[in-house]
Amino acid sequence: MEAREIKALIALMHDHGLVELEIEDKKGKVRLVRGTAAPTAAGESNSVPRVAAPVPKAQKGRAAAASAKSTVATRDGSGPLELAANQKVIESPMVGTFYRAASPDAAPFVEEGSSVRKGQPICIIEAMKMMNEIEAPASGRIVKILAENAQPVEYGQALMIVEVG
Amino acid sequence: MFKKLLVANRGTIAIRIIRACRELGIQTVAVFSTADKDALHVRMADESVCIGPPAAEDSYLNIPSILSAALTYGADAIHPGYGFLSENGDFAEACQRSGLQFVGPRARHIRLMGDKPRARRIMKRAGVPVLPGSEGKGVTEVRDAFADAKRLGFPVLIKAAAGGGGKGMRVARNAKELVRLFPVARAESEAAFGSRTMYLEKYLENSRHVEFQILADNERHVLHLGERNCSIQRRHQKVIEESPCPVLTARMREKMGKAAVRAADVVGYSNVGTVEFLLAPDGEFYFIEMNTRIQVEHGVTEMVTATDLVKESIRIAAGEPLGFKQRQVTFNGNAMEFRIYAEDPERHLPSPGVVSNHHPPGGLGVRVETALYDGYRVPVHYDPLIAKLIVHADTRDLAIARARAALREYLIDGIKTNIPLHMKILHDPDFIRGSFSTNFLSRYERAPAHEDPVAPAAKAS
């Protein structure tokens with residue numbers, strides 16, 4: 001696969017908010033993964049190129065918002081996180097247990113780097129044996145997941161950071 | 001015994017419960033609203049959970065949120081403290097259904113005593129003297145209230161059937177006042193308790209508020225720990241409480257204590273509770289209501305009986321029997337509690353703000369229960385009670401002297417408090433003589449209250 005084609009695929013992934021893309025044709029197989037925390041394709045053949053997600057846009061946004069930075073406190077004492085102007089903290093609306101997937105063997109709703117639509121379920125908080133789906137407050141990209149799977153969360157605790165856009 | 005207890009409250013009582021748990025070797029979980037993230041109880045507890053935004057109905061009154069916190073953090077018991085959910089039968093029931101031990105009486109006892117006309121009927125049947133008042137289930141309309149008032153004779157006290165904390169309560173001295181005040185009290189009751197049901201009681205002039213502390217285990221051992229005189233009230237809210245009551249003889253104490261024990265025993269009550277009586281000038285006493293929780297003023301009884309009521313309540317909830325009998329209860333000296341409010345002493349308006357130079361008094365027989373610390377911001381969202389000063393001495397005169405010295409020592413900057421009012425009371429000849437009734441404080445109210453366009457005219461008189 002030519003570099004031109006791969007570039008086109010990257011643009012396509014970005015436009016459609018895809019995190020991972022795998023294409024196989026006569027010429028071979030290509031697997032593209034965006035984001036930093038996504039699993040690497042270790043062990044796969046050298047013929048499969050791994051292409052980092054395009055981030056210039058995000059970096060630009062961060063740089064542009066440098067003067068309008070806000071911070072969010074984290075409860076574990078790891079210090080405040082800096083937020084760019086187009087980044088929003090998704091806070092827990094209730095006390096409960098945070099789950100990233102609908103069931104232990106299901107895939108997580110979102111990963112860091114996932115694109116989300118407004119209203120799309122992004123996690124579950126179990127409160128009083130009720131599974132409450134938490135929805136994305138805005139369309140954009142999940143840039144950070146702050147809460148640990150299967151751990152308690154309190155009201156107002158920062159769960160994730162979404163980059164709106 | 002419990003392993004981990006969630007404290008479903010804030011302020012001084014939350015700290016009181018955390019201390020008791022610490023002595024009992026129980027882990028604690030504090031809950032807090034976003035307005036209380038810097039509160040002392042949050043810092044003191046082993047774990048803490050934010051349960052909602054500042055408004056009490058979304059946080060400290062939010063049953064699903066509190067239960068979820070208890071279950072998520074692995075608590076096995078919940079202590080409700082006073083106020084908030086402490087007298088909510090649905091909460092007690094929801095705790096039990098979620099497998100959490102509620103530290104307090106059973107849900108049905110909370111509901112029974114919360115329905116004041118029903119409690120009056122049961123007490124009357126049990127032979128506990130009850131004030132003349134509305135019969136049956138209470139009244140909702142002015143004309144029915146008027147019929148009751150005519151039968152009782154004025155003045156009458158209009159009260160909310162679901163009442164508590166002085167809300168929905170008014171004195172009517174004649175028919176005109178009744179017609180005017182009944183709908184006001186009813187509206188207040190509807191707003192505070194969601195109930196339009198009211199009842200009337202004969203209003204006794206110059207009577208005292210005398211309440212008895214009850215302890216009852218799950219095996220129906222019921223005993224009392226003597227009385228507290230809580231006649232120093234402002235708008236039906238207690239300001240100073242003391243034990244023993246200066247006018248009660250040993251014979252009267254025994255008689256009233258027996259009636260209080262009977263009131264609790266007849267319904268099969270368990271845990272801590274308080275039976276409130278009105279003591280008339282002629283020495284007759286009448287049941288008013290029973291509070292099914294720890295009281296703000298529990299410390300007064302703790303000092304004179306050397307009993308830790310909060311620890312007892314937790315032990316009883318854990319199923320332990322009482323470790324002593326009525327005849328082993330002894331009374332030593334005199335104790336007084338002064339409720340310190342963040343309020344302007346002249347205008348009686350809340351005075352929130354940032355506390356600085358907080359120096360609580362100390363010394364022999366001086367106890368301060370507070371959630372204040374330097375730099376703490378008293379929030380606007382909750383009750384303005386910020387500290388309780390409790391003094392204990394061999395005699396009433398010594399207790400008064402000790403209280404004066406302690407209050408003089410008490411420094412709080414940044415906010416206004418009612419300490420000046422306490423000082424005035426401690427120099428009042430009638431207070432010093434122990435000769436006062438529930439309308440005592442009206443003498444300090446009249447002048448400023450009339451000049452004050454914000455506060456309605458004093459009605460405690």
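The buried residues of helix α3 of chain B are B:S65, B:I66, B:L67, B:S68, B:A69, B:A70, B:L71 and B:T72. A residue is termed buried if 20 or more other C-beta atoms, placed from the backbone, lie within 10 Å of its own, exposed if 12 or fewer do, and partly exposed in between. Helices (H or I, at least four residues) and strands (E, at least two) are DSSP runs, numbered from the N terminus. Because 8 of the 10 residues of α3(B) (residues 63-72) are buried, this helix is largely enclosed by the rest of the structure. Just after α3(B), B:G74 adopts a positive phi of about 75 degrees.

The model is predicted: local features need pLDDT of at least 70 and side-chain atom pairs count only at pLDDT 80 or more, while totals for chains, interfaces and linings use all residues. Residues are numbered from 1 along each chain as its sequence is written, and chains are lettered from A and ligands numbered from 1 in the order in which they are written.

Chain B contains an open sheet of 8 strands in the order β13-β12-β9-β10-β11-β14-β19-β17, with antiparallel pairing. Two strands pair if DSSP finds at least two bridges between them. Strands β13 (285-291) and β17 (366-370) of chain B form the edges, each pairing on one side only. On average, neighbouring strands of this sheet are turned by 25 degrees against each other, direction ignored. Strand β9 (residues 208-216) of chain B runs antiparallel to β12 (residues 271-279) of chain B, and 9 bridges join the two. Within β12(B), B:E276 is the bridge partner of B:E211. Helix α10 (residues 298-305) of chain B lies across β9, β10, β11, β14, β17 and β19 of chain B, at about 130 degrees to β10(B). Axes are lines fitted to C-alpha atoms, for helices over the stretch in contact, and angles run from 0 to 180 degrees between N-to-C directions.

Two packed helices are described by the angle between their axes and the distance between the axes. Helices α4 (residues 89-97) and α5 (residues 107-114) of chain B pack at about 175 degrees, with axes 8 Å apart. The helices α4(B) and α5(B) are therefore roughly antiparallel (angles over 145 degrees; under 35 is roughly parallel, 65 to 115 roughly perpendicular and the rest oblique). In this pair, B:G89, B:A92 and B:E93 of α4(B) meet B:A107, B:I110, B:R111 and B:G114 of α5(B). Contact requires C-beta atoms, placed from the backbone, to lie within 7 Å.

Helices α1 (residues 11-24) and α11 (residues 309-317) of chain B pack at an angle of about 65 degrees, with their axes 9 Å apart. In α1(B), B:R16, B:I17, B:A20, B:E23 and B:L24 meet B:V310, B:K311 and B:I314 of α11(B). The residues of this contact divide into 5 nonpolar, no polar and 3 charged. Ala, Val, Leu, Ile, Met, Phe, Trp, Tyr, Cys and Pro count as nonpolar, Asp, Glu, Lys and Arg as charged, and the others, Gly among them, as polar.

B:S134 is placed in the loop between α6 (116-125) and α7 (142-152) of chain B. With 26 C-beta neighbours inside 10 Å, B:S134 counts as buried. B:S134 and B:L200 are 66 residues apart in sequence, yet 5.2 Å apart in space, C-alpha to C-alpha.

Technical notes: Two residues are in contact if their C-beta atoms, placed from the backbone, lie within 7 Å.
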